[in-house]
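Subject: Structure for you to look at

Hi,

Here is the structure I promised to pass on. Please open it next to this email, and I will go through what turned up.

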Amino acid sequence: QVQLQESGGGLVQPGGSLRLSCAASGSIFRLTTVTWYRQAPGKERELVALISSRDSKRYQDSVKGRFTISRDNAKNTVYLQMNSLKPEETAVYYCNTKVGRDYWGQGTQVTVSS
């Protein structure tokens with residue numbers, strides 16, 4: 001059983017930055033790939049970035065160079081540093097991992113607006 005808890009969302013102006021955190025229960029977390037998704041109103045959930053257990057990283061093309069995913073296995077936490085945020089990136093951001101099945105957090109709202 002894995003429980004995920006996202007935090008760090010909020011209201012930010014265009015061009016601003018936020019750092020999201022995904023804290024997990026269970027030591028197995030460090031052995032899994034963790035993925036950040038986002039879902040904007042009326043749109044499908046989309047993959048933003050992922051990090052493997054071996055620290056391999058992948059990003060959606062639109063966030064490359066602006067977002068950075070990282071993990072701290074000692075804290076069972078994965079981070080998403082988001083810079084130069086755009087209004088169209090307003091969404092609920094979720095973290096996900098798979099241990100036999102999908103586990104999701106409850107999401108954290110990111111609003112990019114002036």
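Which two residues form a disulfide, and how far apart are their sulfur atoms? The pair is Cys-22 and Cys-95, with 2.1 Å between the sulfurs; a disulfide here is a pair of cysteine sulfur atoms within 2.5 Å.

Before I go on, a word on where the values come from. This is a predicted model, in which local features need pLDDT of at least 70 and side-chain atom pairs count only at pLDDT 80 or more, while totals for chains, interfaces and linings use all residues. Residues are numbered from 1 along each chain as its sequence is written, and side-chain values use heavy atoms, with hydrogens and water left out.

**The disulfide**

The structure holds 1 disulfide. Cys-22 lies in strand E3 (residues 18-24) and Cys-95 in strand E9 (residues 91-99), so the link ties together parts that are 73 residues apart in sequence. Strands (E, at least two residues) are DSSP runs, numbered from the N terminus. The link is right-handed, with 70° about the S-S bond. Both Cys-22 and Cys-95 are buried, where buried means under 20% relative accessible area, exposed over 50%, and partly exposed in between (1.4 Å probe, protein chains only).

**The sheet and the hairpin**

An open sheet of 4 strands runs in the order E1-E3-E8-E7, with antiparallel pairing; two strands pair if DSSP finds at least two bridges between them. Strand E1 (4-7) and strand E7 (67-72) stand at the edges with a single partner strand each, so one side of each has no neighbour in the sheet.

E1 and E3 pair in the antiparallel sense over 4 bridges, and Leu-4 has Ala-24 in E3 as its bridge partner. In general, side chains in a regular strand alternate between the two faces of the sheet. E1 has a covered face with Leu-4 and Glu-6, and an uncovered one with Gln-5 and Ser-7.

Val-99 stands opposite Arg-101 in E10. The 1 residue between these strands is Gly-100, which takes a positive phi near 80°.

**The nonpolar core**

Which residues have the most contacts inside the largest nonpolar core? They are Leu-4, Trp-36, Val-48, Val-78, Leu-80, Met-82 and Tyr-93, in a core of 27 residues. Such a core is a set of buried Ala, Val, Leu, Ile, Met, Phe, Trp, Tyr and Cys residues joined through side-chain atoms within 4.5 Å. E3 gives the most to this core, with 4 residues.

Not counting residues up to four places away in sequence, Met-82 touches Gly-16, Ser-17, Leu-18, Leu-20, Arg-66, Phe-67, Tyr-93 and Val-110, a contact being heavy atoms within 4.5 Å.

**Two loop residues to look at**

Most residues other than glycine have a negative phi. Asp-55 is not a glycine, yet has a positive phi of about 75°. Asp-55 sits in the loop between strand E5 (46-51) and strand E6 (57-59), and is partly exposed, with a relative accessible area of 42%.

Ser-84 is not a glycine either, and has a positive phi of about 50°. Ser-84 is found in the loop between strand E8 (77-82) and E9, and counts as partly exposed at 38% relative accessibility.

Best wishes
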